[in-house]
Amino acid sequence: MKFNLKHSPQRHRDTEKIKPKNLGNRYANLCSFFRSPLCLCVSVVKRFCLSLALLLLAIPAHATLNVFACEPEWAALTQELAGDQVSLYTATSALQDPHRIEARPSLIAQARRANLVVCTGAELEVAWLPVVLRESGNNTVLPGSDGYFEASQFVTMLEVPTRLDRGEGDVHALGNPHIQTDPRNFLPVAEALGKRLAQLDPGNAAHYQQRLAAFNRQWHTAIAKWEAQAAPLRGISVVVQHKGFPYLSHWLGLNEVVALEPKPGLEPSGAYLAQVLDTLQRQPARMVLRAAYQNARPAKWVAERASIAAVELPYTVGGSDKAKDLYGLFDDTIARLLAGLQ
Ligand SMILES: [Zn+2]
């Protein structure tokens, strides 16, 4: 951003010369004498101008795209690929259930100013995103337009139902939407997202390309490190609270024995948890996994009675103190799983 205000010191001195020296003092004296509404008005306008100037200084000079991310992991990936070239808004936090949030007016206002909406898709946000996008009146971010991006379209989906029965709980026609628990899924998503950013902001295409290449290199190295660290987890049996970990289990070779939710999205009853304990007697597991946003009680109840570890996983960026970015998310996930083996 270039400022074309001719603000040379010479010019400034010129205006100083023209200005009567004691005008400021005279104005202040008049104001204190009359305390008139006009004086008050002038001072409010002065303050407003100052605030506006400070606000303009606070806006990054190069932010060209407003990105609305449905979940923290996509905000974090966009940040990796765009740096400070975008202004980011994240609709959900790691401590919220992304299946169910309210289509609040603040979300609608953010969608209205967005140039790009980046979400998981595969029906994860079906309860709130369609309402938010419709109410925003922003046609450039509706599904099918260049301003709408679904990460799940670029990965191989697991648990795609052969028969769709909504009576079976939160079953998604396109497969399990919790793709962010396998770091390998970020590679094809990053590739597609990098291209989309360049398409929407062609002036910075080289910048996005460069950052994408850097992310690819670092992410491949990180995956190799995590896989080496996670070797002791291969073949370990686990209980999951919600069917939210199939991609993690597939990646690390965990064996999911049973889920604590009788149907996806349904809180377990005491009777159902007793059944889970029965199952665990026949098929023992080493730990119960749950996401940071989920109720801790069912997992703790089962873990205590089965004498196994209850492991809380960050699940996404911000889900633990250490999960500050995508790298921290998987560093902490592996560390917590390994601690669960102790
Ligand atoms: Zn789910």
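**Stop 1: a sheet of four strands**

Start with the open sheet whose 4 strands lie in the order E6-E5-E7-E8, with parallel pairing. Two strands pair if DSSP finds at least two bridges between them. Helices (H or I, at least four residues) and strands (E, at least two) are DSSP runs, numbered from the N terminus.

Before you go on, note that this is a predicted model: local features need pLDDT of at least 70, side-chain atom pairs count only at pLDDT 80 or more, and totals for chains, interfaces and linings use all residues. Residues are numbered from 1 along each chain as its sequence is written.

Now select E6 (255-259) and E8: these are the edge strands, and each pairs on one side only. From one strand to the next, the twist averages 35°. Angles run from 0 to 180 degrees between N-to-C directions, and axes are lines fitted to C-alpha atoms, for helices over the stretch in contact.

Two residues are in contact if their C-beta atoms, placed from the backbone, lie within 7 Å.

Next, select E5 (residues 237-240). E5 runs parallel to E6, and 4 bridges join the two. Click on Ser 237: opposite stands Asn 255 in E6.

**Stop 2: two helices side by side**

What describes two packed helices? The angle between their axes and the distance between the axes. Here H8 and H12 pack at about 10°, with axes 10 Å apart. H8 is therefore roughly parallel to H12; angles under 35 degrees count as roughly parallel, over 145 as roughly antiparallel, 65 to 115 as roughly perpendicular and the rest as oblique.

Which residues make the contact? On H8 they are Ala 222, Trp 226 and Gln 229; on H12 they are Tyr 327, Phe 330 and Ile 334. Of the residues in this contact of H8 with H12, 5 are nonpolar, 1 is polar and none is charged. Ala, Val, Leu, Ile, Met, Phe, Trp, Tyr, Cys and Pro count as nonpolar, Asp, Glu, Lys and Arg as charged, and the others, Gly among them, as polar.

**Stop 3: a loop glycine**

Select Gly 319. This residue sits in the loop between E8 (309-313) and H12 (326-340). Is Gly 319 buried or exposed? Gly 319 is buried, because 23 other C-beta atoms lie within 10 Å. A residue is buried if 20 or more other C-beta atoms lie within 10 Å of its own, exposed if 12 or fewer, and partly exposed in between; C-beta atoms are placed from the backbone. Leaving out residues up to four places away in sequence, Gly 319 touches Ala 94, Ala 292 and Pro 314.

**Stop 4: a second sheet**

Move to the open sheet of 4 strands in the order E2-E1-E3-E4, with parallel pairing. Its edge strands are E2 (86-90) and E4, and each pairs on one side only. The twist averages 20° from one strand to the next.

Zoom in on E3 (residues 116-119). Leu 116 and Val 118 on one side, and Val 117 and Cys 119 on the other, are all buried. In a regular strand the side chains alternate between the two faces of the sheet. E1 (residues 65-69) runs parallel to E3, joined by 3 bridges. Ala 69 stands opposite Val 118. E3 also pairs in the parallel sense with E4 (residues 148-150), over 3 bridges. There, Cys 119 has Glu 150 as its bridge partner.

**Stop 5: an enclosed helix**

Select H4 (residues 72-82). Because 10 of its 11 residues are buried, H4 is largely enclosed by the rest of the structure. Among what covers the buried residues are E1, E2, E3, H7 (186-200), H8 and H12. Just after H4, find Gly 83, with a positive phi of about 60°.

**Last stop: confidence**

Colour by pLDDT, the predictor's confidence in each residue, from 0 to 100. The protein chain averages 86, and 80% of the residues score at least 70. Over residues 1-34 the pLDDT is below 50, and this stretch has 4 contacts in the model beyond near neighbours in sequence. Where pLDDT is low, the predicted coordinates should not be read in detail.
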